[in-house]
Amino acid sequence: MTHKNLIFKVLLSPKISEKSSLSAEKYNTVVFKVKKDAKKSTIRQAVQELFKVKVSSINTLVVKGKIKRKGNQVSRHKNWKKAYITLRKGQNADLLSNVD
């Protein structure tokens with residue numbers, strides 16, 4: 001697997017929400033949905049390569065899929081992994097305008 005393919009296989013999508021935008025302003029943190037088997041070192045490498053920034057720390061968590069009911073049917077959404085990526089002071093990863 002080439003290095004460029006690794007970036008787009010690890011980072012699935014940015015999570016844009018009220019909580020993520022507040023953490024971006026207050027703690028210089030961006031939030032991504034990542035592959036479930038991605039390691040912190042791989043996530044760090046992908047973010048630094050894609051956004052040309054230095055990563056300070058990474059916290060990951062697995063979000064449990066919700067159980068949904070519709071009448072008599074019960075279904076479950078898949079579990080997924082979320083990464084909170086804190087950037088070093090002075091670094092900025094603008095998710096909307098920094099895409100090549």
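**Loops and overall fold of a predicted model**

Me: Between which helix and which strand does the loop that holds Asn28 lie?

Reply: This is a predicted model, in which local features need pLDDT of at least 70, side-chain atom pairs count only at pLDDT 80 or more, and totals for chains, interfaces and linings use all residues. Residues are numbered from 1 along each chain as its sequence is written, and side-chain values use heavy atoms, leaving out hydrogens and water. With helices (H or I, at least four residues) and strands (E, at least two) taken as DSSP runs numbered from the N terminus, Asn28 falls in the loop between helix H2 (18-27) and strand E2 (29-34).

Me: What is the phi of Asn28?

Reply: Most residues other than glycine have a negative phi. Asn28, which is partly exposed with a relative accessible area of 23%, is not a glycine and yet has a positive phi, near 55 degrees.

Me: Is Lys52 buried or exposed?

Reply: Lys52 lies in the loop between H3 and E3, where this non-glycine residue has a positive phi of about 55 degrees. Buried means under 20% relative accessible area, exposed over 50%, and partly exposed in between (1.4 Å probe, protein chains only). Because its relative accessibility is 59%, Lys52 counts as exposed.

Me: In what order do the elements of the protein run from the N terminus?

Reply: The secondary structure comes to 3 helices and 6 strands, and of the 100 residues 28% count as buried. Among contacts (heavy atoms within 4.5 Å) with a separation of 6 or more, 56% are between residues 24 or more positions apart. From the N terminus on, the order is α-β-α-β-α-β-β-β-β.
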